[in-house]
Number of protein chains: 2
Amino acid sequence: MKTDLEIAQAAKLQHIKDIAAKIDVPESVLEPYGHHKAKLPLSLIDDSKVANAKLVLVTAMSPTPAGEGKTTVTIGLTEGLNLEGKKTVAALREPSLGPVFGIKGGAAGGGHSQVVPMEDINLHFTGDFAAIEKANNLLSALIDNNIQAKAEVNLGIDGRTVRWKRVMDMNDRALRQITVGMGGKANGILREDGFNITAASEIMAILCMSTDFADLQERLGNIFVGYTFDKKPIYARDLKAEGAMAALLKDAIKPNLVQTLHGVPAIIHGGPFANIAQGTNSIIATKMAMSLGEYVVTEAGFGADLGAEKFFHLKCRASGLKPAAVVVVATIRALRYHGGASLSELNDVSVERVEAGFENLEKHLENMQSFGVRPVVAVNKFVSDSEEEIQWLVNKCESLGIKCKVSNGWAEGGEGVREVAKAVIEEAESGKSNLEMLYDVNSSIQDKITTVATRIYGAEGVEFTAKAKADLRTIESLGLSNLPVCIAKTQKSFSDDDSKRGRPRDFRITIREFEFARGAGFVIAVVGNLMRMPGLPAEPASNRISVNSEGQIEGLF
Amino acid sequence: MKTDLEIAQAAKLQHIKDIAAKIDVPESVLEPYGHHKAKLPLSLIDDSKVANAKLVLVTAMSPTPAGEGKTTVTIGLTEGLNLEGKKTVAALREPSLGPVFGIKGGAAGGGHSQVVPMEDINLHFTGDFAAIEKANNLLSALIDNNIQAKAEVNLGIDGRTVRWKRVMDMNDRALRQITVGMGGKANGILREDGFNITAASEIMAILCMSTDFADLQERLGNIFVGYTFDKKPIYARDLKAEGAMAALLKDAIKPNLVQTLHGVPAIIHGGPFANIAQGTNSIIATKMAMSLGEYVVTEAGFGADLGAEKFFHLKCRASGLKPAAVVVVATIRALRYHGGASLSELNDVSVERVEAGFENLEKHLENMQSFGVRPVVAVNKFVSDSEEEIQWLVNKCESLGIKCKVSNGWAEGGEGVREVAKAVIEEAESGKSNLEMLYDVNSSIQDKITTVATRIYGAEGVEFTAKAKADLRTIESLGLSNLPVCIAKTQKSFSDDDSKRGRPRDFRITIREFEFARGAGFVIAVVGNLMRMPGLPAEPASNRISVNSEGQIEGLF
């Protein structure tokens, strides 16, 4: 069987100007990066076209550790919609470089549903992550520089209160907790710090929430840094940081155009985490795609309890966008998993387990309906699926009045996703989906969290630790109470307990603490432990990667 | 007076395909990055053309803290040679991002002798620095990952012996000395580490010494990391790091094409430090430029005691390249400085000080002659220069049989550098320069250092500290004795004492310790204290940088 890289490298790519021509973007406005990637100017966004285009969100049931293939479905569906006669553009996230050298590998789809050139997309791409990293770390350098600066310019920042961390797009656990400023006077002032992975930077969240350059610079200035020794809040603008940070992001703010394996335009831009941030591509990219296509297919990270909820409450609220259809990706493997299969049993056929696991998918479908949108189920096909299991699932969904179609993009590309495409068109053109927010943003932080926890997670209620209660008072004092809430929770369960698969009942969730993404425009409620800097495995994926004498990459999965 | 940025932004840039056409590079092989930058494939290197092209090295006398404008002269001379009918390409270093936000500002020439688009060149450019940073830090992550890995794959690296540091392209003094791996078992094993600025990474030196992909990967594998607990040396290849590092550098290895303000092709590639590394652009870029132009003008960092010496002993030795002419940049300001002027007196006219300071320039000219090359002096003109001072200098040089011409590229572009260009053509076409190395690479490390110290610096001899002597034994045990030596010394004096201006006599230099750039192919002899991670000033240049609502950068100098 061919690897993703072999399939991608065997593809005959079209010149990016020909891809652009398919969505009526003239070569003169393209900013090419080689022959197969280009940046697109913000001037391509046309609000009247955005209003008429149909946005399709791809989300998923609670995933197994391997993931359920949302990106593969998104790419296949984009091709499928084109085959069905709809001019469709994909709007995707940029992969993080860290996992490429770790366990997970690349994130540009799989099999015959990939975006290409996959090596570039998975490595540095057009430099957006590097720019975000640099902007983040410039602020860190300015903070430490000010802490030790002469009195005339010293803001009196208390290093112990600094919440802003450095970032690096690398799986590097040794950087999670560090001390900086060691070695005497010349090296600044000693304090504790740490590195997060770049996708977890608030700059990433900000870039993806911004609507233009001015908004970007404004949001960067709004970043909360920490307090002075006399307890005054310090923002990035107090350090005069936002202008230089925006300068570093002057190209990163522009969406990137690439193609699917079958030459369909795909816009890839931004990649914020789906727990501590909105987990979906930039507002700018989505609006641009909607300015260029009749249909836009986009995705949101993790299961719908995290990805879709944030897509609606954070991205749709901020941008005014509404999905015309929502696709919930399910797999037979994940249904078996929620029905009791262990990881080693994921490929074992079992209609019983599929039936037992359905309650997980069902809860996600109910959740989508509670937002006023009508879900379509896409069954992302694996070779281990039996006809019987699939048929059971299709029948079950149809009995609930929900369309359920097999998605075979991995093996067949868009041809394998035409049935899903047809169902999506039918739903989108029915006009029956009408997104409604579950909470009023002006209600209290506690109420907003409780609404999501009870209505989406199915919890009985919410506990707040003493630390979280103290943070709530800080939120109040910083005037952030009317921001929406981004709940950082495990993707493995509706609850805050990884082991509770299926549709857990009779549980409460505990908010451990809060973080403030004031620039991005939300507060983060942290449930349980949160990993913001992954580590490498004992035998990293980097071991097998190399470059041959023609400069072609080998061993990248 | 217009700023460099205003001059650069007012320029009407030509499309990069038109710039490429001037040196017969067809659009089909260009890898464009926007409309004004492109990467060039390694296949453009043609050894038979390299052999026929004339390489002109621009170096300088010992500089004042402000620098003497080598890049400005290099760019102006490139234009001047074209005006004189020679198809000429500049081969320059890439600027580091760190200083852009610090004190020094950008490094893309000045006034009417700049390379453009200067904002891009000074910020992320085509991502080469980011790629180098990532390759460097991947090795660090692999080291720390292995230190805490399970027994089957654990190499037994002794963290206390690890010489490989992380890097960031940022002026950030708080990162100079850090601890990593804090916070318990999940975060690896505690050890001391630090960040250097990216230009100081051995990866930067390696990229610039490599001749192709295979050589690059080989050199990356050769990097010396540290020792195991039982004292076995560990190299990057023991961590299986070189393949993934090379993959990260697959685009960074390709030279970048831009233009001067007057549309002359300039190749910009690589930017290693001029103290701990070779301080000049990549061998690949120089050879490519020589494959595309009749003349190539290139520069080497700091004064000729550092930049030219390393250019000859490291780069020319490794590549077989020989300069046809060498330009030594002098300024009246620097002559006054070496003649006793304080920093506040640099603009005060004084023929006496110029006369007194000439001995510094004279020593550099003698040094060039000792290498078998014939120098031309370019007097980089400042508004504070008097006719009388310039005339004295011209007469003095001519009395020594050395051509000395005024270079006014800052005010006039290439038109102001035509006299220098004529002198360079005359020297280059005379064929009288014939580079000879001052030392046999197979002589001992001590002898190689002593040769440079006595013949180039004018020292009486060399002292080695106890640490340096111990390092010499390590060099012996690692089998590195037959590598050339890169001496890391202050640029402010021929001696190791900043305060000794002019032409110091009766001094010895002290080698404090050694470092090993085994991948790059040299050992580094460290004289005095060495800054590898600058800091920001109290009021960083970043304070005044911003992006206006059209996405145009303001305040970048």
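The following questions and answers concern a predicted model.

Student: By what turn can chain A be laid on chain B?
Tutor: The superposition has an RMSD of 0.0 Å, and the shift along the axis is 0.0 Å. That is the relation of a two-fold axis. The turn is 180 degrees.

Student: Which residue of chain A has the C-alpha nearest the axis?
Tutor: The axis is the one that relates chain A to chain B by a turn of 180 degrees. In chain A, the nearest C-alpha lies 2.2 Å from that axis, and it belongs to Tyr33(A).

Student: At what angle do helix H13 and helix H14 of chain B pack?
Tutor: Two packed helices are described by the angle between their axes and the distance between the axes. H13(B) covers residues 351–370 and H14(B) covers residues 387–399, and their axes are 10 Å apart. The crossing is right-handed. The angle is about 35 degrees.

Student: How many charged residues are in the contact of H13(B) with H14(B)?
Tutor: H13(B) contributes Val351(B), Val354(B), Glu355(B), Phe358(B) and Leu361(B), while H14(B) contributes Glu388(B), Glu389(B), Trp392(B), Leu393(B), Lys396(B) and Cys397(B). By class, 7 of these are nonpolar and none is polar. The number of charged residues is 4.

Student: Is Pro65(A) buried or exposed?
Tutor: UniProt, in an unreviewed entry, lists Pro65(A) under "binding site", with Thr64(A) and Ala66(A) among the other positions. Pro65(A) sits in the loop between strand S3 (54–60) and helix H4 (70–83) of chain A, and beyond its sequence neighbours up to four places away it touches Tyr337(A) and Leu343(A). Its relative accessible area is 53%, and the cut-off for this class is over 50%, so Pro65(A) is exposed.

Student: What is the relative accessible area of Ala66(A)?
Tutor: Ala66(A) is also in the "binding site" listing of the unreviewed UniProt entry. Ala66(A) is found in the loop between S3 and H4 of chain A. Ala66(A) counts as exposed, with a relative accessible area of 62%.

Student: How many of the 13 residues of helix H11 of chain A are buried?
Tutor: H11(A) covers residues 307–319 and is mostly covered. Its buried residues include Phe311(A), Phe312(A) and Leu314(A), and also the charged side chains Glu309(A), Lys310(A) and Lys315(A). Gly320(A), with a positive phi near 80 degrees, follows the helix. The number buried is 11.

Student: What is the relative accessible area of Asp471(B)?
Tutor: Asp471(B) lies in helix H18 (residues 466–477) of chain B. Apart from neighbours within four places in sequence, Asp471(B) is in contact with Arg163(B), Glu513(B), Phe514(B) and Phe516(B). Asp471(B) is buried, and its relative accessible area is 4%.

Key:
Residues are numbered from 1 along each chain as its sequence is written. Chains are lettered from A and ligands numbered from 1 in the order in which they are written. This is a predicted model: local features need pLDDT of at least 70, side-chain atom pairs count only at pLDDT 80 or more; totals for chains, interfaces and linings use all residues. Side-chain values use heavy atoms; hydrogens and water are left out. Copies are superposed by least squares on the C-alpha atoms of residues with pLDDT of at least 70 in both. Axes are lines fitted to C-alpha atoms, for helices over the stretch in contact, and angles run from 0 to 180 degrees between N-to-C directions. Helices (H or I, at least four residues) and strands (E, at least two) are DSSP runs, numbered from the N terminus. A crossing is left-handed if the near helix is turned anticlockwise from the far one by less than a right angle, and right-handed if clockwise. Contact means heavy atoms within 4.5 Å. UniProt positions are given in the numbering used here, feature names are shortened, and annotations may be inferred rather than shown by experiment. Buried means under 20% relative accessible area, exposed over 50%, partly exposed in between (1.4 Å probe, protein chains only).
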